[in-house]
Amino acid sequence: MGNTGSKEDENRELMILKHAVENTNEAFVTIDQNHRVLFFNKAAEKIFGYGRKEIIGHDLDVIMTPTCSRNHREAVARYVKTRIPGRIGHAAEMVASRKNGETFPASISFSVTEVEEQLFFTGIVRDLTKTQELQEQVMQSERLAALGQMVAEITHEIKNPLMMIGGFAQQLTKETDDEKNLKKLNIITEEIRRLERLLADLKEFHQVRTIVSEPVDIRELLEKVFSLVQEECERQNIQTEVTLDERALTVSGDRGRLEQVFLNLVKNAIEAMERGGKILIQSRLSGGQVEIMVKDEGCGISEQDRDKVFAPFFTTKKHGTGLGLCISKRIIEDHGGSSFFLKSEKGKGTTFKIRLPLYRGALEGSARNN
Ligand code: ADP
Ligand code: MG
């Protein structure tokens, strides 16, 4: 410290240092040779959860686990006797605990000061919880990026030969009269279609998530989705009821992706109603948002499966990919200010509700129309 300055300068420096230490994010805990706490800064209060009144003047044991405390006491005693720094000067990572019993990863470094022949030890503790979470996130996203790259390459490699096999199978179907062979060819074609769907889902699942935000007419979109499944519904004896709000409800979102979401939901509804029933598709204005509901009278989802249906690759179907709901939920979540609800009762049916923000221009339009 400033040995060259006057007493005043020195006092000033001391004040600056004292405030710096008091206001830093690292916990500063200083003890004397007898393990008694002399200094416990604001960050220490925050990190460990003790008020300084509970700590200052008390043994450091108060904030330590018994084992940790024993080791620490021995290390201090050793240093006082030998002056050989063990941990001093190094940062160590360890698990520390807070007053409420919660443990946290911490980096601790030690320093020692000698004043008037008395030794003072300071532990500088950094809470690594956030750092570790961040590292974990980075690692996770790197892993996903690598996986995405691999999936993109593999799907690309599989797609072309698959298309070729499918093409030949269809060609042979046209040229064959043999019943048995026709059956086999149909199976080939069907299985290829299934694989193509899986590849498309996998690609979507690992795609970089960019959402285009454009005005999307929900009525138009739902009518298109409905037209895509109408035939299938008729074939399977499924009734449909489409109730769309009269006002053209324009949401702000990604048309292609939203279409995919509603198609997923309606397809799931169809697949859940092997014995027929009714699908209700509804859109309405609710609390300044557009609410779209897809309701079926199908098999429903059991309570224990309800949390799992959004997990990737969870499926109860023989030919399912288990990616539809996971992708759908993610697409909705990627639309800011939106929400996704699921209500289902085993044996009775399932309702999905999605809320999307109204397109701003539309608000003005509908206000004028009313
Ligand atoms: P997949 O349709 O390929 O199985 P999804 O992610 O779309 O994958 O759905 C996951 C699972 O959630 C389904 O296998 C099914 O068990 C359940 N599920 C989804 N939608 C419905 C629904 N409308 N009714 C009953 N179960 C459903
Ligand atoms: Mg599905």
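Analyst: This is a predicted model. Start with a pair of strands. Strand 9 (residues 277-286) and strand 10 (residues 289-296) run antiparallel, joined by eight bridges. Within this pairing, Leu280 sits opposite Lys295 of strand 10.

Five strands form an open sheet in the order 7-9-10-12-11, and their pairing is mixed. Strand 7 (238-244) and strand 11 (339-345) are the edges; each has a single partner strand, so one side of each has no neighbour in the sheet. From one strand to the next, the twist averages 10°.

Next come the helices on the sheet. Helix 8 lies across strand 7, strand 9, strand 10, strand 11 and strand 12 (349-357). Its direction is at about 170° to strand 12. Helix 10 lies across strand 11 and strand 12, at about 145° to strand 11.

The two helices also pack against each other. Helix 8 (residues 255-271) and helix 10 (residues 324-334) meet at an angle of about 140°, and their axes are 9 Å apart. That angle makes helix 8 oblique to helix 10. The crossing of helix 8 with helix 10 is left-handed.

Which residues make the contact? Helix 8 contributes Arg257, Leu258, Gln260, Val261, Asn264, Leu265 and Asn268. Helix 10 contributes Gly324, Leu325, Ile327, Ser328, Ile331 and Ile332. By class, this contact between helix 8 and helix 10 has seven nonpolar, five polar and one charged residues.

How values were computed. Residues numbered from 1 in each chain as written. Chains lettered and ligands numbered in written order. Predicted model: local features only at pLDDT ≥ 70, side-chain atom pairs only at ≥ 80, totals over all residues. Heavy atoms only, no water. Axes fitted to C-alpha atoms, helices over the stretch in contact; angles between N-to-C directions. Helix = DSSP H or I, 4+ residues; strand = E, 2+ residues; numbered from the N terminus. Parallel < 35°, antiparallel > 145°, perpendicular 65-115°, else oblique. Left-handed = near helix turned anticlockwise from the far one by under 90°. Contact = heavy atoms within 4.5 Å. Nonpolar A, V, L, I, M, F, W, Y, C, P; charged D, E, K, R; others polar. Pairing = 2+ DSSP bridges.
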